[in-house]
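Me: I'd like to go through this model and ask what lies behind each label. Could you show me the sequence and the structure, please?

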Amino acid sequence: MNSPNLEDMGCGTSSATKDKKSEKALKAALVIQNWYRGYRARLKTRQRYALTIFQSIEYADEQGQLQLSNFFSFMLENYTHVQEKEPGLVTRLFGSSIQDKDRQDYLELIEIPDSYCGPRLQFPLTFTDIDLLIEAFKQQQILHAYYVLEVLFETKKVLQQMPNFTHTNTSPSKEITICDRGKNSMEILMILFVSFLVYPNDLHLNRGNHEDFMMNMRYGFTKEILHKYKLHGKKILQILEEVYTWLPIGTIIDNEVLVIHGGISESTDLNLLHRIERNKMRSVLMPPIPMDGDRAEKKNKLGTTTVAQGIRTSGSFSEQLTKQEWEQVIDILWSDPRGKRGCYPNTNRGGGCYFGPDITSKILNKYQLKILVRSHECKPEGYEICHDGKVITVFSASNYYEEGSNRGAYIRMSSGTTPRFFQYQITKATCLRPLYQRVNAIESSAIRMLKERMISRKTDLIRAFQLQDRNKSGKLSMGQWAFSMENVLGLNLPWRSLSSHLVTTDKDGNIDYMSGFQDVHIQKPVKEVQSTLIETVYRYRSDLQIIFNIIDSDHSGLISMEEFRSMWKLFKSHYSVHIDDSQFDELAERMDLNKDGSIDFNEFLKAFYVVHKFDQLTKSDTKLA
């Protein structure tokens, strides 16, 4: 027998009660939902600000790299001993691809010991070697230098037969995947090259702005190779530099899709780019300059768009790309799309240009193309579509700046179909950390980098703050502080939003501008040295290390005091550094520990590092524990 419900028994209030409870539950759910949406939105905003910090500092470093390239031109014009003492330096910086080396010159002196337990490649390579390589790398094994050089020589031989742009076709049953970037650079490079040698018609490689020995020195690839291949690392780097010059500069799919690394400009000429001798550009960052015999008779001031057509060293002439050709390559490797119409200088990076939707339409229409696919920019979701769907940015390295900072993505496309996007996020953890933990870690890392940027310009920042602080109160308004920060650091950041992470603010909203330096300082290798010099050496330490490594022709890691002083004077002049030479001389002499007239410049630069208060507390806690 069924039990009667409450309404049957005359209790009609039950339905109303239920309705009220349901209404309250719904309202509570909406409140919670709105709160959670706001909470996630705030976390996403913090994540976006952190990503902006990472990108702004990365682009500022790229500006520094271009300024460094200009310095080398300045150096060759003014360092009168370079061509007599270091002719190889001139060739490496500005010369075309060095003469082909006989592979036996490199390989005959390299033996593979019986104790070597890494992968052993069999030439000619097959798909079995690809699997062997991948499995070995998963086990953290290192491919022997002998095989690395063999792969590089074979890759170069195939690339030399290829045009500047690879033309490939797809069909509904034959898709193409477009991807970019990755960590473990040497392993990724070997997998790509071996796969390319096994499947030359199915895997296509483009040159990017980092396939450049100057960029490798700044961003760690050179260091990685020298660390992994201590005995033969320099040989590998030498051949790798040649391989870079032979990489195609673009791919065209189905005569409709243009795939390049950076972007385009209003003057992009694909016909010209198809014809240039790409192997003549050893470093895209190093526009050639004319040198006549022992010394340049007519000196040029090299700017980011100034270039000559040749370089003359020791009486011999090596032709280079023309000014127009060089600018064309710079644009396709360094440019970025923007929403604003037109074409204007890429002020963030210092090279290439920003191009608007009108430029995209103009160039694509001119060459009967439909889509431009490019990379060059980290995107939070791994890809981004702009310019009315005509430009796609794809970035395949997830966690590019920090774990959780961005997703990675790749594209699959085929003739007559819409591009399909695949996103992912790699993590070492068994499960993804909660969003707030990921955002906290990303934000902490970004603020840490920003504070290091601040401390490297401490003297300049204090000077700018004090100019605004006319009452000498030690405080500034938010607007004054933000203006000074941007004026000195030039990072184009939302300083007002970031202020709570960088400085303390009183109840009236005024900022104690010295509070930004309380928890961080640069370690002084010598206590007596003035802070201004310490900040300058720390700020330019990457540039100085590249300079010293390039002029260190015998790879000893040592530089004479005479060369050290000469290079510093040129560096100071070109970078407009206002520091008395005697201060630097005193520092150099103190760093010459064994008083033999030479300095280990890598150790010299390692002596300058930033100490964070949190790090010190952590170390103290560890000791106490």
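Me: Why is Arg349 called buried?

Reply: Arg349 has a relative accessibility of 1%. Buried means under 20% relative accessible area, exposed means over 50%, and partly exposed is in between, with a 1.4 Å probe and protein chains only. Since 1% is under 20%, Arg349 is buried.

Before we go on, the ground rules: this is a predicted model, in which local features need pLDDT of at least 70 and side-chain atom pairs count only at pLDDT 80 or more, while totals for chains, interfaces and linings use all residues. Residues are numbered from 1 along each chain as its sequence is written, and side-chain values use heavy atoms, with hydrogens and water left out.

Me: Happy with that. Where does Arg349 lie, and what does its side chain pair with at 2.7 Å?

Reply: Arg349 is in the loop between strand E8 (343-345) and strand E9 (353-355). Here helices (H or I, at least four residues) and strands (E, at least two) are DSSP runs numbered from the N terminus. The side chain of Arg349 pairs with that of Glu62 at 2.7 Å.

Me: What makes the pair of Arg349 and Glu62 a polar contact?

Reply: A polar contact is a pair of N or O atoms within 3.5 Å; within protein, one must be able to donate a hydrogen and the other to accept it, and residues adjacent in sequence count only if both atoms are side-chain atoms. The 2.7 Å between Arg349 and Glu62 falls within 3.5 Å, so the pair meets the distance limit.

Me: Which residues touch Arg349, leaving aside its neighbours within four places in sequence?

Reply: Contact means heavy atoms within 4.5 Å. On that basis Arg349 is in contact with Tyr59, Glu62, Gln63, Leu66, Trp334, Asp336, His376 and Glu377.

Me: Next, Asp180 and Ser375. How do you know that they are buried?

Reply: Asp180 has a relative accessible area of 15% and Ser375 has 3%. Both values are under the limit for buried, so the label holds for each residue. Asp180 is in the loop between strand E2 (176-178) and helix H7 (185-198), while Ser375 is in the loop between strand E10 (371-374) and strand E11 (383-386).

Me: What links the side chain of Ser375 to its surroundings?

Reply: There is a polar contact of 2.7 Å with the side chain of Asp180, and the side chain of Ser375 also reaches the backbone oxygen of Val394 at 3.0 Å. Ser375 and Phe395 are 20 residues apart in sequence, with their C-alpha atoms 5.7 Å apart in space.

Me: Why is Cys343 called partly exposed, and Cys179 exposed?

Reply: Cys343 has 23% relative accessibility, which puts it in the partly exposed class. Cys179 has 55%, so it counts as exposed.

Me: Last one: what sets the phi of His387 and Asn399 apart?

Reply: Most residues other than glycine have a negative phi. His387 has a positive phi of about 55°, and phi of Asn399 is near 55°. His387 is buried at 7%, and Asn399 is buried at 8%.
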